[in-house]
Amino acid sequence: MKPVSGASDTERSSARKDEGHDGEPAEVHYPPLVRNLILRAMCGVYLVAFLSFYVQAEGLYSNSGILPASRVLANGTIQEQFNLLRLAPLLGLDSFSMVDLFCLAGSVIAFLGLVFSDLCRLQSFIAMWTFYFSLVQISQSFRQQSDELLLEAGFLCILLAPSKLSDPRSPIEDLALLLMKWLLFRFVFASGSVKLASGCPLWWDLTGLKRHFETMPLPTSYSWYTYQQPDGLHRLSTIYVYLSELVCSWLFFAPNQKVRMFAMWWQVFLHLNIIGSGNYGFLSLIVLTLLLTLVDDRELVRTQVKKEPRKEDKRGALTVKVISISMVIGTWLMFGVGYKNGELAFKLLFNRSQYLNMMQMMLRAAPLLVLSLMVQKFLKIVNKQAGVKTVADGIRKLSENWQLFLPTVAAFAVLFTSIVPHLQLTQSTAISSSILTKPYQGLHNLFVVNQYGQHLIKMRPKRLEIILEYSDELTGPWHEYGFQYKPWSQGGSMPYAWVYFPRFDFKFYDASVSKPHNQKWLYPLVQRLLQNEPTVVKLLDEDNVPSRPPKFIRASLYHFSYTSWFDGNSTTFWTRERVNDYFPAYTLADGFLETKLNDIGIPATASTPEAMNLPLKLLMDGVRNFLGIFEGSLLVLGVLMAAFVMILTQRRN
């Protein structure tokens with residue numbers, strides 16, 4: 001295994017010289033390989049996020065789009081009115097051209113940071129976080145969990161990143177890495193704990209994962225093939241997910257490197273399957289990046305030189321074996337695994353009350369564990385202050401060094417406020433005191449601290465899909481709009497978006513179980529489609545849209561089900577059955593849509609603002625016209641491939 005951001009030969013030699021014959025001394029200085037690797041990987045995640053936002057931004061947020069950015073910037077909250085996109089007039093641009101500028105600037109900074117490790121600096125991460133935060137503020141109904149997770153992880157990268165890679169290691173680095181590990185734990189543990197805590201019968205009878213493959217937002221063909229597996233294997237896979245999220249997550253804090261590496265590869269396998277089975281964009285990329293916090297610099301240095309196994313390695317290997325055996329035995333005891341009538345049989349030997357009691361204990365224990373580790377690392381920082389004789393003296397000197405003191409205060413502020421969403425996973429552990437809830441709300445408004453796992457509380461029993469239909473007559477015939485990634489026809493494929501995130505298609509998943517009047521973005525969508533607005537039409541499958549504006553558009557709700565491997569129709573993924581109307585036929589003639597758009601502050605007819613900075617405006621338009629010829633997933637994969645080719649070329653040279 002070679003680290004992407006390698007150390008120099010001198011650094012590796014220096015690290016080796018500090019080692020004794022019988023093992024490592026108490027204090028060994030290693031090059032910050034893990035830090036550099038995390039920062040470089042985060043640049044890759046930012047690159048995917050900025051490009052994904054850019055591809056669909058014109059149809060979603062331009063003045064002719066579904067939810068124009070100018071609407072938020074003009075009428076938003078106080079927080080949104082401080083958005084840097086409001087500086088557009090100073091550059092002679094309209095709001096959407098500024099969105100394009102932020103996407104492209106963020107992409108360039110991220111690309112350079114990914115290719116050239118020397119550019120993974122504090123300034124770069126401040127710029128990328130600021131740009132993406134401004135974009136998320138205007139994302140409105142199309143904001144997703146991955147946006148919030150990226151901003152929280154990105155803020156921690158600001159604490160982690162040095163001004164220059166040649167700078168000495170900052171004492172705050174250990175605190176930042178621990179907070180990243182805590183974020184990883186919170187996300188993984190929340191994803192698992194809410195499943196059984198909700199009391200959803202599908203999670204309790206171990207069929208939740210099979211149902212998930214059919215009802216996930218944007219499934220792929222891998223989901224269909226996985227769905228066809230025997231029920232016993234699906235139940236066993238569901239138990240694997242529970243172990244991954246409820247048990248394996250605690251190993252993130254293990255003191256032994258071998259144990260943490262065991263946890264890391266366990267999670268890598270899980271998230272590679274998540275990437276293959278569903279188009280979740282860059283969500284799993286963030287998790288995979290956070291998993292790098294489980295690796296030690298020492299371990300990466302040791303891969304450069306063959307060494308005899310140490311006692312610590314042998315103890316770790318033995319511990320991993322004990323943990324593995326314990327998991328197998330625990331699974332057999334807790335889930336009543338057996339064999340009946342030629343199939344695997346299961347019977348949960350605990351009830352919801354017992355599970356909630358155990359979960360409450362774990363919820364309370366986790367912050368105490370992390371706090372104790374934070375205090376240890378803080379005292380280490382204090383003791384490293386020059387001329388320190390007592391802790392009080394060290395704290396005083398620390399407070400005088402504002403470059404170290406302010407990040408330390410920020411780190412502890414993030415830790416204490418993050419306890420609030422962590423304990424909100426159950427009502428009995430939720431914090432009501434305003435001492436923590438108010439600061440949490442403030443940081444949550446900045447997406448610095450967020451809550452995760454709530455979308456997994458209840459599994460959907462069936463898949464409902466919204467199908468848009470158009471016609472020139474109320475009596476028909478009605479034709480269907482096609483979608484790029486969302487299931488919409490029986491004969492349609494389920495394409496891979498890979499790490500590209502199609503947030504337009506994703507939003508229909510939320511809307512399908514909600515009433516139309518709760519999804520206000522649908523009204524401007526229909527208005528733009530009735531006008532055959534090109535920027536919005538590009539969000540759809542352009543092979544299945546009308547060539548001229550239709551007179552009527554309606555939506556139907558369909559129940560989609562997977563076909564069976566054994567029904568002789570394995571080339572078709574779906575069967576579908578119409579359930580009812582989702583919303584009635586709308587037309588421009590009666591003025592209903594125009595009234596709805598006025599109510600939510602969107603002009604019924606798009607206007608094109610004049611740009612004072614014509615050269616910059618033409619540059620933004622030219623770049624969009626050029627990149628617009630590439631489909632979203634191909635654009636993202638192409639740019640990533642170019643970055644990796646440049647990295648390999650550097651290493652070869």
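Reader: Is S489 buried or exposed?

Author: A residue counts as buried when its relative accessible area is under 20%. In this predicted model, S489 has a relative accessibility of 17%, and therefore counts as buried. S489 belongs to the loop that runs between β4 (479-480) and α21 (503-511).

Reader: Which residues is S489 in contact with, leaving aside its neighbours within four places in sequence?

Author: With those neighbours left aside, the contacts of S489 are F560, W574 and R576.

Reader: Which residues touch the most other members of the largest nonpolar core?

Author: In soluble globular proteins, nonpolar side chains tend to be buried together. Here the largest nonpolar core has 209 residues, and F125 and F504 touch the most other members. Helix α2 (residues 33-61) gives the most to this core, contributing 19 residues. Apart from residues up to four places away in sequence, F125 touches L39, M42, C43, Y46, C120, C157, I158 and A161.

Reader: Which residues does UniProt list for "transmembrane region"?

Author: The unreviewed UniProt entry lists 37-55, 96-116, 236-254, 274-295, 316-335, 355-375, 404-423 and 626-648 under that name. Such a record can be set beside the model. Residues 37-55 are 100% helix and 0% strand, and their end C-alpha atoms lie 27 Å apart. Residues 316-335 are 95% helix and 0% strand, with end C-alpha atoms 28 Å apart.

Reader: What span should helix α16 (residues 311-334) have?

Author: The expected span is 1.5 Å times one less than the number of residues. Helix α16 has 24 residues and so should span 34 Å; its end C-alpha atoms are 34 Å apart, which agrees.

Reader: Which residues in α16 are buried?

Author: An α-helix has 3.6 residues a turn, so residues three or four places apart point the same way. In α16, the buried residues include D313, G316, V320, I323, M327 and T331. Just after α16, G336 adopts a positive phi of about 50°.

Definitions and conventions: Residues are numbered from 1 along each chain as its sequence is written. This is a predicted model: local features need pLDDT of at least 70, side-chain atom pairs count only at pLDDT 80 or more; totals for chains, interfaces and linings use all residues. Side-chain values use heavy atoms; hydrogens and water are left out. Helices (H or I, at least four residues) and strands (E, at least two) are DSSP runs, numbered from the N terminus. Buried means under 20% relative accessible area, exposed over 50%, partly exposed in between (1.4 Å probe, protein chains only). Contact means heavy atoms within 4.5 Å. A nonpolar core is a set of buried Ala, Val, Leu, Ile, Met, Phe, Trp, Tyr and Cys residues joined through side-chain atoms within 4.5 Å. UniProt positions are given in the numbering used here, feature names are shortened, and annotations may be inferred rather than shown by experiment.
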